[in-house]
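Okay everyone, thanks for coming.

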Amino acid sequence: MSADVCVIGAGPAGGIVAAELAADHDVVVLEAGLRFPEDDRVRRMERSIRPAYGPQDVWNMGGPRDAYTTGGRFYPLNATRVKGVGGSSLHWQGMVMRLHEDDFNSESRHGVGRDWPIDYEDLRPYYARAESELGVAGASDNPFAPPREQPHPMPAFPPSYSDSLFAEACEELEITTHSVPNARNSEPYDGDGACVGYGSCQPVCPSGAKYTAERHVDRAERAGARVVAEAPVQRLEHDAAGERVTAAVYRKDGEERRQEARAFVVACGGVETPRLLLLSRSEEHPDGLANSSGAVGRYFMDHCFAGMGGRYDGPTRQKHVGFNTTESHQFYDVSEAGGRFKLEFLNYAGPSPVEQALTAEEWGDDLLAQLRDAYGTYLGLGALAEQLPRPENRVTLDPERTDDHGRPVPRIEWHVDDHTRRTLERANEVQRSILEELGVDPEYVVGPDNTGPAAHHMGTTRMGTDPTASVVDPRLRTHDLSNCWIASSSVFVTGGAMNPTLTIAALALLAADHLDEALSQSI
């Protein structure tokens, strides 16, 4: 059965697009992963804290379906994504910030990165809509944030006790702190209750107070959309001229099926989106669909993590808060010392008691006393550092390894450049000064040599006005295919140092508006 719109992927981008269009158009959503019952969240939370299970077991990740390879620095892809209805919003931390104004014109203003073809003012109304759609708790107390038009939908979460310790040290160091906008309910919102403090936000929220894209997928279904789970799309087919996508070919119940539609939205994230386009190569598109520019898969970016922490001489009492409540954007600038970074004050109580118990030499009362003495006395700082778009950081198809359907798996080439290393060093310097003010000797340091990614996959189908250098236009329609849109972090031109999901949601709303207009004009 043909549809008006076929959306591939049921994460935040795909869910929002489907929910926006389903009232007026026939929409089908194809999702590669499972549909997880909402009444099993407590069981999945319990699985996450039992030593018999690993992080990937919580959301059924791993195995041939999710195989991948890496080049350059190791990239832990499966530790940072979920395939299923809801996507990675099932296990995300839930922080939602707007990009700053000069994130959109970094090249012209600072000589680094590339400029977006849109600016902050273009996206500003969509940011406001996205905050309402996700349900954001926040406050207008950030002096470094871009201008906004109205308060957040819900009040911000109050600072934790450990935040107050950091605040005193930062005041002495003249570092400004402020609240963190979170996509979780500080009060009942949109039919869901307020956060009850399980503290297990990553990898699962059992109460439903944290946003997941299931909200929008359910809304789309209520409006008439059809959602097909466990239906991995194998390739996209096009017409004889190679100008329009005609069908998404997917696997379901052991057989190959086709979904035809007037328009297609690829919303598979920064890795699977370019992979699907590359897997869809044809005689007319020998390098993959939408890839006349050669940019599909290139300019892969993430945010690199800098961190530091140690034991404080006193209680810190923060484990019931499983998310950040205080941060600082004071260092969000570009200089010779490095690029943008966002400073995070972690509600970190210390090493896991379970892990400590499993590796301890003491047992019984001695072990119990040791755990009680140490746990809840640690302080930790984090930072997200900007990584600039570079063509050598990319997603390609592995020539030797295949998945459970015999398709080449994604290969991620990821390197950390000198600009990012300087940014991480700068973040570590600020973190060390704060811990020194608190009398804390760092027990661990995450910096340039041992940094890891923040699981923010961006930039592999970049937006632009030049079809020879970009994949989609400012309306997120592909340059090469007249009826194919991409709604994903893959369209980011730069990533700044802000968590990307709010921008993903804003861009999904923008894409839905333009696609709705195109459908009314018969595309």
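This is a predicted model: local features need pLDDT of at least 70, side-chain atom pairs count only at pLDDT 80 or more; totals for chains, interfaces and linings use all residues.

Six strands make up an open sheet, and the order across it is β6-β12-β13-β14-β11-β17, with antiparallel pairing. At the edges you'll find β6, residues 178-179, and β17, residues 444-446, and each of those pairs on one side only. Now, there's a helix packed on this sheet, namely α10, residues 418-437. If you look at what α10 touches, it's β11, β13, β14 and β17, and the direction of α10 makes about 20 degrees with that of β11.

Let me zoom in on one end of that order. Strand β11 covers residues 304-311, and its pairing with β17 is antiparallel, over three bridges. If you want a residue pair to click on, take G307, whose bridge partner in β17 is V446.

While we're on this sheet, have a look at G380. Which strand holds G380? That would be β14. And is G380 buried or exposed? Its relative accessible area is 0%, so G380 counts as buried, the cut-off being under 20%. So who's around it? Leaving out residues up to four places away in sequence, G380 touches F166, M308, G309, F345, L346, Y348 and Y444. Take M308 from that group: G380 and M308 are 72 residues apart in sequence, yet their C-alpha atoms are 5.8 Å apart in space.

Okay, moving on to another set of strands, around β10, which runs over residues 255-266. Strand β1, residues 3-8, pairs with β10 in the parallel sense, over five bridges. In that part, I8 stands opposite V266 of β10. Then there's β9, residues 245-252, which pairs with β10 in the antiparallel sense over six bridges. An example there is R251, which sits opposite E256 in β10. β9 and β10 form a hairpin with two residues between them, and in the turn D253 has a positive phi of about 55 degrees. β10 also pairs with β18, residues 484-486, and here we're back to the parallel sense, over three bridges.

Next up, a helix: α2, residues 41-49, where R41, R44, M45 and R47 are buried. Looking down the axis of α2, those buried residues fall within an arc of 160 degrees, so they line one face of the helix. What do the buried residues of α2 pack against? They pack against α6, residues 214-222.

And α6 comes up again when we get to the pockets. The second largest pocket holds about 370 Å³ of space. Its lining has 20 residues, and the ones nearest its centre are E38, D192, G208, T212 and E214. With five residues, α6 gives the most to that lining.

The largest cavity has a volume of about 90 Å³. It is lined by 16 residues, with C195, G197, Y198, C201 and C205 nearest its centre.

That's my tour, so over to you for questions.

Key: Residues are numbered from 1 along each chain as its sequence is written. Side-chain values use heavy atoms; hydrogens and water are left out. Two strands pair if DSSP finds at least two bridges between them. Helices (H or I, at least four residues) and strands (E, at least two) are DSSP runs, numbered from the N terminus. Contact means heavy atoms within 4.5 Å. Axes are lines fitted to C-alpha atoms, for helices over the stretch in contact, and angles run from 0 to 180 degrees between N-to-C directions. Buried means under 20% relative accessible area, exposed over 50%, partly exposed in between (1.4 Å probe, protein chains only). The arc is that of the directions from the helix axis to the C-beta atoms. On a 1 Å grid over the protein atoms alone, a cavity is a set of points where a 1.4 Å probe fits but cannot get out, and a pocket is an open set with protein on both sides within 12 Å along at least five of seven lines; lining residues have an atom within 4 Å of a point. Grid points are joined across faces, edges and corners, and a volume is the space filled by probe spheres set on the points.
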